[in-house]
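Here is a briefing on a single chain, arranged by topic. Please read it alongside the sequence and the model.

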Amino acid sequence: MGRGKIEIKRIENATSRQVTFSKRRAGLLKKAQELSVLCDAEVALIIFSSTGKLFEFSSSGMKRTLLRYNKCLDRSETSFVHNEAERQESKEVNNLKDEIAKLRMTHLRMMGKELKGLSLKDLQHLEHQLSEGSLSVKDRKEQLLSEQLEKSKLQEQRAMLENETLRKQVEELRRLVPSTEHPVTPFLEFQPLDRKLALVKPDVISSNVVCNCAVEKQGDSDTSLHLGLSTDVFCKRKEPERLSCSNDYGTEMDPS
């Protein structure tokens, strides 16, 4: 006849509860010892009774087993935290990838690409965004141009003030330094001698020519006397030379 099953619950009778505790405690310690010997396992067992008494068993020493247990517990907690962090990071990475894909698609649509699949409402919304963006760009450009214009005006005013200051300084220096200028000589005094001849009257030139010819005639007569020639023959020989001389002077004095 088999042993009947008992209900697993707290035993209300204190004597029965103490007897059951003693029997099952001894059986549990025996099983722990057998497990450590048969399976070469490190087993540690700690039991506290209802009255507070301690009962323990350790196959390799309780402190050593507890140290090993704490190390394993720390490792397990660290690995759990690490795995949890990796899962969180992978989740964030996936979210960022999705966000980047959405932004890339939005950029392409703003450039007028990848418009397939958009409804009429989406296209109108995109057109409104582009118009607003162009207006913003124009406003910013006008603002920058106005700022540059103001800067150029300020620079111009500064340059004008600097020029005025320099002009005043130059005027003060001119007042302090004495004048060292010399009077300029007339232009005609520096003309060469041959140019002066052009300013002489024609009648003076003709008289000079006549005088020169007379002198030459006198000289020629003296020469003819020394050579033993007659005066008429010598004059006939010199007649062409005198004519050429008078023609040359007439050419030089011709205003045309």
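Helices (H or I, at least four residues) and strands (E, at least two) are DSSP runs, numbered from the N terminus. This is a predicted model, in which local features need pLDDT of at least 70 and side-chain atom pairs count only at pLDDT 80 or more, while totals for chains, interfaces and linings use all residues. Residues are numbered from 1 along each chain as its sequence is written, and side-chain values use heavy atoms, with hydrogens and water left out.

**Confidence**
- The mean pLDDT (the predictor's confidence in each residue, from 0 to 100) of the chain is 75, and 68% of the residues reach 70 or more.
- Confidence is highest in strand β1 (residues 44-48), at a mean of 93, and lowest in helix α5 (residues 202-227), at 44.
- Over residues 186-231 pLDDT stays under 50, and the model has 14 contacts (heavy atoms within 4.5 Å) beyond four places in sequence for them.
- Residues 249-256 also stay under 50 in pLDDT, with three contacts beyond four places in sequence.

**Overall architecture**
- The chain holds six helices and two strands, which follow the pattern α-β-β-α-α-α-α-α along the sequence.
- Of the contacts in the chain with a separation of 6 or more, 17% are between residues 24 or more positions apart.
- Of the 256 residues, 7% count as buried, where buried means under 20% relative accessible area, exposed over 50%, and partly exposed in between (1.4 Å probe, protein chains only).
- The accessible surface of the chain (Shrake-Rupley method, 1.4 Å probe; for residues, only the protein chains shown count as cover) comes to about 23400 Å², and carbon and sulfur atoms account for 58% of it.

- Beyond its neighbours within four places in sequence, Val43 is in contact with Ala32, Leu35, Ser36, Phe57, Ser58 and Ser59.
- Thr65, which lies in helix α2 (residues 62-110), is buried, with a relative accessible area of 12%, and touches Glu42, Ala44, Ser58 and Ser60, residues up to four places away in sequence not being counted.

**Surface**
- Ile46 has its place in strand β1 and is partly exposed, with a relative accessible area of 44%.
- Ile46, Phe48, Leu54 and Leu66 form a nonpolar patch on the surface, with about 390 Å² of accessible area together.
- Patches are made of residues with over 30% relative accessible area and no salt bridge, like charges being joined within 9 Å and nonpolar side chains (Val, Leu, Ile, Met, Phe, Trp, Tyr) within 5 Å; a salt bridge is a side-chain nitrogen of Lys or Arg within 4 Å of a carboxyl oxygen of Asp or Glu.
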